[in-house]
Amino acid sequence: MVEPATATQAAAPVMPQLKDELDIVIPTIRNLDFLEMWRPFFQPYHLIIVQDGDPSKTIKVPPGFDYELYNRNDINKILGPKASCISFKDSACRCFGYMVSKKKYIFTIDDDCFVAKDPSGKAVNALEQHIKNLLCPSTPFFFNTLYDPFREGADFVRGYPFSLREGVPTAVSHGLWLNIPDYDAPTQLVKPLERNTRFVDAVLTIPKGTLFPMCGMNLAFDRDLIGPAMYFGLMGDGQPIGRYDDMWAGWCIKVICDHLGLGVKTGLPYIYHSKASNPFVNLRKEYKGIFWQEEIIPFFQQAVLPKDCTTVQKCYVELAKQVKEKLSKVDPYFDKLADAMVTWNKAWDELNPPTAGSVPNGKPA
């Protein structure tokens, strides 16, 4: 049986990496007692808490943490009419935290995610591993059979082209989960007791041209490289679909990363996912998406961005245009989603105006 680590098992790093360059974004509707377990790892960092649901409710945060908290009233005040692009009554609201952050890196985690233990029983510092992933290059153009060649004890194997060994900047680090797997509702229903007990000690670069189902509960990214595309699609209250917000962002960022020559890693670190959501509630949220994804995924697989799209913002606006042109026939919702993508882009630029002499995020591959 897999159990989470206790607070006493978690030892803080001697010198927290990127202390002044990273924000931790947490969406929530409840008191953040779970932070006590993460205190040794999170306390040195700044937290951005995005409160979903009733803005009159008071969210309690354990003492000693440096944080700012935004509720729906704050979002409406800051974004005005553009607040329509931020989901309500859905954890997709977290992406507002990405927008208001002024740091280079973001780590986002759900409030039902606890500290995991590795096979030796040692508490896993998920944030530290994400930082390692982001600070080391990715290798999306040629697969290395020893996985991440930049990890200690690994390297490029025989036959790996020397011309590709420099790698490319890593934009996204996608972590995994012990205990409750991130399953869709039908799989939850047929495997209600299944738990993930496998700790696979590996980090992989997702190859160019390959999509993946991104989960937002244990995720880090370079905000400077990919932030403007990290929009967790319009979901929740008033929308016909839910639980696809992070996956929508994942499909978008992967197409853009492939175009700009940036990398996406998956694997370590693990967190302990403590609570299974209700599969019947999930099914109501997901059922249209289960049908729609059979057309959405081929759309992203076939999406091509023009060479003059040299920044994430340009790529994202072009992708929104293609969503409107090609997915609106699936359902009118995608017309609305495409408009929300453009609104998000404009709101991002208003809160994060480009600086003089700014350079493209990457180069078209």
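Modeller: Gladly. Keep in mind that this is a predicted model. Start with helix 7 (residues 245-260) and helix 8 (residues 279-302), whose axes come within 9 Å and cross at roughly 15 degrees.

Colleague: Why are helix 7 and helix 8 called roughly parallel?

Modeller: Their axes cross at roughly 15 degrees. Angles under 35 degrees count as roughly parallel. Helix 7 and helix 8 are therefore roughly parallel to each other. The crossing is right-handed.

Colleague: Which residues of helix 7 and helix 8 meet?

Modeller: From helix 7, Trp-248, Trp-251, Cys-252 and Val-255. From helix 8, Ile-296, Ile-297 and Phe-300. By class, this contact has 7 nonpolar residues, no polar and no charged ones.

Colleague: How do you know that the reach of helix 7 is close to the expected value?

Modeller: Helix 7 has 16 residues, and 22 Å is expected at 1.5 Å a residue. From its first C-alpha to its last, helix 7 reaches 23 Å. Just after this helix, Gly-261 takes a positive phi of about 75 degrees.

Colleague: Now helix 7 and helix 9. What makes this pair oblique?

Modeller: The axes of helix 7 and helix 9 come within 10 Å and cross at roughly 125 degrees. The roughly perpendicular range is 65 to 115 degrees, and roughly antiparallel needs over 145. The angle of roughly 125 degrees makes helix 7 oblique to helix 9. The crossing of the two is right-handed.

Colleague: Which residues make the contact between helix 7 and helix 9?

Modeller: Helix 7 gives Trp-248, Cys-252, Val-255, Ile-256, His-259 and Leu-260. Helix 9 gives Val-312, Cys-315, Tyr-316, Leu-319, Val-323 and Leu-327. By class, that is 11 nonpolar, 1 polar and no charged residues.

Colleague: And helix 9 with helix 10: why is this pair roughly antiparallel?

Modeller: The axes of helix 9 (residues 312-327) and helix 10 (residues 333-351) cross at roughly 165 degrees, coming within 8 Å. Angles over 145 degrees count as roughly antiparallel. So helix 9 is roughly antiparallel to helix 10. Here the crossing is left-handed.

Colleague: How many charged residues does the contact of helix 9 with helix 10 have?

Modeller: It has 4 charged residues, beside 12 nonpolar and 2 polar. Lys-324 of helix 9 takes part, and helix 10 contributes residues including Asp-335, Asp-339 and Asp-349.

Colleague: Why is Glu-194 called partly exposed?

Modeller: The relative accessible area of Glu-194 is 29%. Buried means under 20%, exposed over 50%. The 29% falls in between, so Glu-194 is partly exposed.

Colleague: Where does Glu-194 lie, and what does Glu-194 touch?

Modeller: Glu-194 lies in the loop between helix 5 (185-190) and strand 7 (203-205). Leaving out residues up to four places away in sequence, Glu-194 touches Asn-179, Pro-181 and Tyr-183. Leu-283 is 89 residues from Glu-194 in sequence and 18 Å away in space, C-alpha to C-alpha.

Colleague: One last residue. Is Glu-128 buried, exposed or partly exposed?

Modeller: Glu-128 is partly exposed, because its relative accessible area is 33%. This residue is found in helix 4 (residues 126-135).

Notes: Residues are numbered from 1 along each chain as its sequence is written. This is a predicted model: local features need pLDDT of at least 70, side-chain atom pairs count only at pLDDT 80 or more; totals for chains, interfaces and linings use all residues. Side-chain values use heavy atoms; hydrogens and water are left out. Axes are lines fitted to C-alpha atoms, for helices over the stretch in contact, and angles run from 0 to 180 degrees between N-to-C directions. Helices (H or I, at least four residues) and strands (E, at least two) are DSSP runs, numbered from the N terminus. A crossing is left-handed if the near helix is turned anticlockwise from the far one by less than a right angle, and right-handed if clockwise. Contact means heavy atoms within 4.5 Å. Ala, Val, Leu, Ile, Met, Phe, Trp, Tyr, Cys and Pro count as nonpolar, Asp, Glu, Lys and Arg as charged, and the others, Gly among them, as polar. The expected span of a helix is 1.5 Å times one less than its number of residues. Buried means under 20% relative accessible area, exposed over 50%, partly exposed in between (1.4 Å probe, protein chains only).
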